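Keep the structure open while you read.

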Amino acid sequence: MKIKQVRVTPIAFRDAPLLNASGIHEPYALRSIIEVESDNGTIGLGESYGDAPVLSVLQAMQESLVGLDPFDLNGLRARVVKTVAALKPGTVGAELAPGSHPSKQVANAYSAFEVAFLDLQARSLGMPLVDLLGGAVRDEVPFSAYLFLKYAEHVGSPYKPDRWGEGISPEQIVAQARTMIEENGFKSIKLKAGTLLGPEHEVACIKALRQAFPGTPLRIDPNGNWSVETSLRMAELMGDDLQYYEDPCPGLEGMAEVHKRTGIPLATNMVVTDFDEFRRSVALNSVQIVLADHHYWGGLRDTQILARMCDTFGLGVSMHSNSHLGISLMAMTHVAAAVPNLSYACDTHYPWQEPDEEVIKGGKLPIVDGCVKLTRAPGLGVELDYDQLAKLHEQFLGCGIRQRNDVTQMQKYDPSWKALKPRF
Ligand SMILES: O=C([O-])C(=O)C[C@H](O)[C@@H](O)C(=O)[O-]
Ligand SMILES: [Mg+2]
């Protein structure tokens, strides 16, 4: 089998005005949809970031993959390394927003195509992708309710307000959690923090959630926007309420200090984002749980290696997400199903996505009892809806956003807003 054609299609879908450490989400989130077509007509699918720095690498890769055997993942890696090395200096992207890592260009681009190659391999063999990862140790993967403080609508009202309404007061956050849990059956809750509303307000939201959902595991994620001192002060207030404390403060040293002084397990998708940081974090005991993300950890197989290393060093493992669609959700589900030591329900932004903006046939995938189920369908088990792909590509062309920037978006609400880390 040889690769005949590769298509990378940037898309944009509506995204809610969600607050975070950098500022606020823009009205559209960007992704790219990857199709790798073999000479027997089988197509493998992938989904990755759609921001300019990543897109330029993915698009530069397209021609170089033609003629390659889709089972040749070392050949894929060599071509990614060569393409990235040939890029003009300056095309390396900065961090887009907390927890996104487009600057890891080799790992990002390799991952985008590795998923599509594996999907193509599995479809050709007539087996689910998870079978190429050693087989499923679970047939469904748990996800958590991912709550955000948010405004009712975007500045300038680019389209009609989303159905979630305002999410500012603790009562509104509890209501958001109720809806998300009623609709998806989630069994654990994560609150995005580090926002302009400040740590005390966010801790009040955690307290309200604790009261409303006794026994449900809770997590808070300020994306490194609190100082060590603030993180310690908030830990004192939340202590027993938390299942884990995610990236309270910046840096491996800061995290190590917070863990040493509180004993609370710390999770991260910010200070351990590659194998070198993993090595340094183990030496410092900075984190107790690594939130993997195949989009920047170098694909599904490298995510399995990461999980094995977490096991070796006694760390927990779960998964991080960014705004995404169903192809990414299924890639996350297949790899999480093949990680025996998955210790916590994974993150997903999927409930925030509007039902009419999925690129896969049949619309949004169901999340039932907090879980996404694997099927025995070949590959990732999803098919592209080409009408939807065309619609979301048109939206990309028209939306005017080419690189996510939550800081400049917040400046539309508050011109004095600056990127500060940590802010509190
Ligand atoms: O766990 C995380 O850090 C994330 O989910 C990163 C994302 O960028 C999140 O902060 C967001 O969507 O605003
Ligand atoms: Mg995080």
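## Two domains

In this predicted model, the C-alpha centres of domain 1 and domain 2 lie 23 Å apart. Domain 1 is made of two stretches, 3-127 and 385-398. Domain 2 covers 132-373.

The domains touch. On one side, 37 residues of domain 1 take part; they are in contact with 46 residues of domain 2. Which elements give two or more residues to the domain 1 side? They are strands E1 (3-14), E2 (28-38) and E3 (43-49), together with helices H3 (105-125) and H12 (386-399). H3 gives the most, with 9 residues. By class, the domain 1 side has 20 nonpolar, 10 polar and 7 charged residues.

## Helices H2 and H3

H3 also packs against helix H2 (residues 73-86). The angle is about 145°, and the axes are 9 Å apart. The crossing of H2 and H3 is right-handed.

Which residues meet here? From H2 come Leu73, Leu76, Arg77, Val80, Val81 and Val84. From H3 come Gln105, Val106, Ala109, Tyr110, Phe113, Glu114 and Phe117. The contact of H2 with H3 counts 10 nonpolar residues, 1 polar and 2 charged.

## Helices H4 and H5

Helix H4 (residues 170-184) and helix H5 (residues 199-212) have axes that come within 9 Å. They cross at roughly 50°.

H4 makes the contact with Pro170, Glu171, Ile173, Val174 and Ala177. H5 answers with Ala204, Cys205, Ala208, Leu209 and Ala212. How many residues of each class are in this contact? There are 9 nonpolar, no polar and 1 charged.

## Helices H7 and H8

Helix H7 (residues 252-262) packs on helix H8 (residues 275-284) at an angle of about 35°. Their axes are 10 Å apart. The crossing of H7 and H8 is right-handed.

Leu252, Glu253 and Ala256 are the H7 residues in the contact. They meet Arg280, Ser281 and Leu284 of H8. The contact of H7 with H8 divides into 3 nonpolar, 1 polar and 2 charged residues.

## Backbone exceptions

Most residues other than glycine have a negative phi, and most peptide bonds are trans.

Where is Ser157? Ser157 sits in the loop between E5 and H4. Its phi is near 40°, a positive value in a residue other than glycine. The other place is the peptide bond from Lys421 to Pro422, which is cis, with omega near -5°. Pro422 is in the segment after helix H13 (406-411).

## Confidence

The protein averages a pLDDT of 96. At least 70 is scored by 98% of the residues. Where is confidence lowest, and where is it highest? It is lowest in helix H1 (residues 52-61), with a mean of 93, and highest in strand E5 (residues 145-148), at 99.

The model scores ipTM 0.99 and pTM 0.97. As a rule, where pLDDT is low, the predicted coordinates should not be read in detail.

How values were computed: Residues are numbered from 1 along each chain as its sequence is written. Chains are lettered from A and ligands numbered from 1 in the order in which they are written. This is a predicted model: local features need pLDDT of at least 70, side-chain atom pairs count only at pLDDT 80 or more; totals for chains, interfaces and linings use all residues. pLDDT is the predictor's confidence in each residue, from 0 to 100. Helices (H or I, at least four residues) and strands (E, at least two) are DSSP runs, numbered from the N terminus. Axes are lines fitted to C-alpha atoms, for helices over the stretch in contact, and angles run from 0 to 180 degrees between N-to-C directions. Two residues are in contact if their C-beta atoms, placed from the backbone, lie within 7 Å. Ala, Val, Leu, Ile, Met, Phe, Trp, Tyr, Cys and Pro count as nonpolar, Asp, Glu, Lys and Arg as charged, and the others, Gly among them, as polar. Domain bounds come from an automatic or database domain assignment. A crossing is left-handed if the near helix is turned anticlockwise from the far one by less than a right angle, and right-handed if clockwise.
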